[in-house]
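Take the model below and follow it from whole chains down to single residues. The walk starts with one term.

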There are 2 protein chains.
Amino acid sequence: MRISELSTRTQVPVATLKYYLREGLLPAGTATSRTQASYDAGHVDRVRLIRALLESGGLSIARVRQVLAALDGPEVGRHHLLGVAQQAITPPLPEHPDPEWTRIATQFVEQRGWCIPPDEPLLVLLGEQLRLAVAAGVESADETLLSRYADVADRLAEIDVDSVPAAPERALRQVAVGTLLTDPMILTLRRLAQQALSSERSTR
Amino acid sequence: MRISELSTRTQVPVATLKYYLREGLLPAGTATSRTQASYDAGHVDRVRLIRALLESGGLSIARVRQVLAALDGPEVGRHHLLGVAQQAITPPLPEHPDPEWTRIATQFVEQRGWCIPPDEPLLVLLGEQLRLAVAAGVESADETLLSRYADVADRLAEIDVDSVPAAPERALRQVAVGTLLTDPMILTLRRLAQQALSSERSTR
């Protein structure tokens, strides 16, 4: 198809598609003349992935390029792909994390039997979140409560991983964008469930 | 204690503490002279809470002020208390929500048997989150998957509500603030659990 049809099918303006081509996010089409190129279904999927990462995922062009580079790189396993997708959606880490809290987070994850590399940046993030919650006097940072939240996270992960499609391009989209987009949904459902439970108990 | 000691104990610079005082986030200390005031343990707790809300919760100064106002405000009927506290931590609603998606969210919650007032703003938020996810092609917005996330939310709410045993009014407000501070932790645990599960399955 021509670029105009790619534009129609993805609802992305031609000028924007050309921008993606210049930025190297979208691979060049097959040249059909000096000024024209032909695009295929792979380009449609790629444009949709770029849009989802930029618009809904809220990622920068640089981070989208990082995700796509991993996708286009040498054959990777699904597990590595998940790590790459997660890394692209991980918020910036604290500049001066407290190593003691990273250690506590690492130890918690180890004791739980989760197989996580010790240099995983999410461990630094979890440590920092624990530190802040404890500093604010939230008892939820207590070991038992943390375990209960981790139980819930295990159930979430089962839903998430079960719903990952086999094709790498769609898998990346599902994990990176799906996780980003369902995060707020889960937090909203959490609040609604709190209200429902609270209302149920107060009328008992 | 003097402001310098408050600074040492909270590890927040004096200039920042003065900023919190000016912004009305931190109540004034007891004046001990024309230029000095005395602060107590309540101030230490309050500063820690402010820090956690700003850093971990990622709230703006204006929203922190709103949360603190809800915490300090007059006691309201127990029935609506959780809702009031939750409202303070609810992100701004979309300006022009699609009523059709609010209806879908409301219907979902009803069918689930959650007792939620139909004018609850969280329903508008959930509808908008659903709309965005569907637009990005995330299959998680599918009814079955949404139900599975709601099951997880039910378990989260049980942990949340159980962790405040006798639930006096102030404690219920703490549920709302505690929820805000544990939100990011749960999302990090979700990603770690995804990795653990994915690693487990790929080595099987």
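Buried means under 20% relative accessible area, exposed over 50%, and partly exposed in between, with a 1.4 Å probe and protein chains only. By that cut-off His43(B) counts as buried, because its relative accessibility is 7%.

Some ground rules come next. This is a predicted model, in which local features need pLDDT of at least 70, side-chain atom pairs count only at pLDDT 80 or more, and totals for chains, interfaces and linings use all residues. Residues are numbered from 1 along each chain as its sequence is written, chains are lettered from A and ligands numbered from 1 in the order in which they are written, and side-chain values use heavy atoms, with hydrogens and water left out.

Start with chain A. Its secondary structure comes to nine helices and two strands. Helices (H or I, at least four residues) and strands (E, at least two) are DSSP runs, numbered from the N terminus. The order from the N terminus on is α-α-β-β-α-α-α-α-α-α-α. Chain A has 204 residues, of which 49% count as buried. Contact means heavy atoms within 4.5 Å. Among the contacts in chain A with a separation of 6 or more, 59% are between residues 24 or more positions apart.

How does chain B relate to chain A? A rotation of 173° with 0.6 Å of shift along its axis superposes chain B on chain A, at an RMSD of 2.0 Å. The same surface serves both copies, since 88% of the contact residues of chain B recur in chain A. The superposition is by least squares on the C-alpha atoms of residues with pLDDT of at least 70 in both copies.

Now look at helix packing in chain B. Axes are lines fitted to C-alpha atoms, for helices over the stretch in contact, and angles run from 0 to 180 degrees between N-to-C directions. Angles under 35 degrees count as roughly parallel, over 145 as roughly antiparallel, 65 to 115 as roughly perpendicular and the rest as oblique. H1(B) and helix H2 (residues 14-22) of chain B pack at about 105°, with axes 9 Å apart. That angle makes H1(B) roughly perpendicular to H2(B). In H1(B), Ile3(B), Ser4(B), Leu6(B), Ser7(B) and Thr10(B) meet Val14(B), Leu17(B), Lys18(B) and Leu21(B) in H2(B).

Helix H1 (residues 3-10) of chain B also packs on helix H3 (residues 41-55) of chain B, at about 50° and with axes 10 Å apart. H1(B) and H3(B) are therefore oblique to each other. On the H1(B) side are Leu6(B), Arg9(B) and Thr10(B); they meet His43(B), Val44(B), Val47(B) and Arg48(B) in H3(B).

Which residues does His43(B) contact, leaving aside its neighbours within four places in sequence? They are Leu6(B), Leu26(B), Pro27(B), Ala28(B) and Gly29(B).

Return to chain A for another pair. Helix H6 (residues 99-112) of chain A and helix H8 (residues 143-162) of chain A pack at about 60°, with axes 12 Å apart. That makes H6(A) oblique to H8(A). Phe108(A), Gln111(A) and Arg112(A) in H6(A) meet H8(A) residues including Glu143(A), Leu146(A) and Asp151(A).

Thr102(A) also lies in H6 of chain A. Thr102(A) is buried, because its relative accessible area is 17%. Beyond its neighbours within four places in sequence, Thr102(A) is in contact with Leu123(A), Val124(A) and Gly127(A).
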